[in-house]
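Subject: Structure handover and notes

Dear colleague,

I am passing on the structure we spoke about, together with some notes on what I found in it. Please open it first and keep it beside you while you read the rest of this message.

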Amino acid sequence: MKKYLFNILILSVLVTVFSACSSSNADERFVKRWTLTKVVGFGPEKDKILGVNNIFFDLKDDETFTARWYKEGSMTDFEDLKGTWITTKYGEQTDLFLFYGPKKKSKIFTVTKVTDGMMIMKLSNIDHIFEGK
């Protein structure tokens, strides 16, 4: 029962966030193809495992995206995603929401910095640095 209530709560938060942002335009800072170029604390010997130069987010100005991310339950296999995206900003951080697949699954990423050519995501308290083109 607790799990069911928790899932309802999460779903209602996502619907609220999506509804609040659905009429807004895409955040232009994010509109580009972002490719993972570095994971802080790991050297080139881990690049293949970490998905360096393989993981990407191609965020378009019509709020659609294509991406490559880790397959669920794996840190070495990747899957291609396609769907819609939105952002919400609070303080110095921004959350990037991706909605994808026929069942509209979602992923949420915390972005701590975004500039013209660089985006830093904090994943498991590790900075993941993306280059944007």
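How many nonpolar, polar and charged residues does the lining of the largest pocket have, by class? Before I come to that, please bear in mind that this is a predicted model, and that every value below was computed from it.

The pocket

The lining of the largest pocket has nine nonpolar residues, two polar residues and no charged ones. The residues in question are Val39, Phe42, Leu50, Trp69, Tyr70, Met75, Phe109, Leu123, Ser124, Ile126 and His128, and the space in this pocket comes to about 160 Å³. Strands E3 and E8 each contribute at least two residues to the lining.

Overall layout

The protein has two helices and eight strands, and from the N terminus on the elements follow the order α-β-α-β-β-β-β-β-β-β. Of its 133 residues, 38% are buried. If you consider the contacts between residues at least 6 apart in sequence, 41% of them join residues that are at least 24 apart.

How the strands pair

Strand E1 (32–39) has two pairings that I would like to point out. With strand E2 (56–59) it pairs in the antiparallel sense over four bridges, and there Arg33 stands opposite Asp58 in E2. With strand E8 (residues 126–132), E1 is joined by five bridges, again with the two strands running antiparallel, and Trp34 stands opposite Gly132 in E8.

Towards the end of the chain, strand E6 (residues 105–114) and strand E7 (residues 118–123) pair in the antiparallel sense through four bridges, with Thr110 placed opposite Lys122 in E7. These two strands, E6 and E7, form a hairpin that has three residues between them. E7 is in turn joined to E8 by six bridges, and this pair also runs antiparallel; here Met118 stands opposite Glu131 in E8.

The hairpin of E7 and E8 has two residues between its strands, and within it Ser124 takes a positive phi near 55°. Asn125, which is found in the loop between E7 and E8, likewise has a positive phi, of about 60°, although it is not a glycine. With a relative accessibility of 72%, Asn125 counts as exposed, because the cut-off for that class is over 50%. Another residue of this kind is Asn53, which lies in the loop between H2 and E2 and which has a positive phi of about 65° although it is not a glycine. Asn53 is exposed as well, with a relative accessible area of 59%.

The nonpolar core

Which residues touch the most other members of the largest nonpolar core? Among its 27 residues, these are Phe57, Leu59, Trp69, Met121 and Phe130. Strands E1, E2, E3 (64–70), E4 (78–90), E5 (93–100), E6 and E7 each supply at least two residues of this core, and E3 gives the most to it, with four residues.

Once its neighbours within four places in sequence are left aside, Met121 is in contact with Phe57, Leu96, Phe109, Thr110, Val111, Ile126, Asp127, His128 and Phe130.

Leu96, one of those partners of Met121, lies in strand E5. Is Leu96 buried or exposed? Its relative accessibility is 0%, so Leu96 counts as buried, the cut-off being under 20%. Leaving aside residues within four places in sequence, Leu96 is in contact with Leu59, Trp85, Ile86, Thr87, Lys107, Ile108, Phe109, Val111 and Met121. Ile86 is 10 residues away from Leu96 along the chain, and the C-alpha atoms of the two are separated by 6.1 Å.

Lastly, please look at Val40, whose place is in the loop between E1 and helix H2 (47–50). Val40 is partly exposed, with a relative accessible area of 39%. Not counting residues up to four places away in sequence, Val40 touches Ile126, Asp127 and Ile129. Although Val40 and Asp127 are 87 residues apart in sequence, they are 5.5 Å apart in space, C-alpha to C-alpha.

With best wishes

Key. Residues numbered from 1 in each chain as written. Predicted model: local features only at pLDDT ≥ 70, side-chain atom pairs only at ≥ 80, totals over all residues. Heavy atoms only, no water. Pairing = 2+ DSSP bridges. Core = buried A, V, L, I, M, F, W, Y, C linked by side-chain atoms within 4.5 Å. Buried < 20%, exposed > 50% of the residue type's maximum accessible area, 1.4 Å probe, protein only. Contact = heavy atoms within 4.5 Å. 1 Å grid on protein atoms, 1.4 Å probe; cavity = no way out; pocket = protein on both sides within 12 Å on 5 of 7 lines; lining within 4 Å. Points joined across faces, edges and corners; volume = space filled by probe spheres on them. Nonpolar A, V, L, I, M, F, W, Y, C, P; charged D, E, K, R; others polar.
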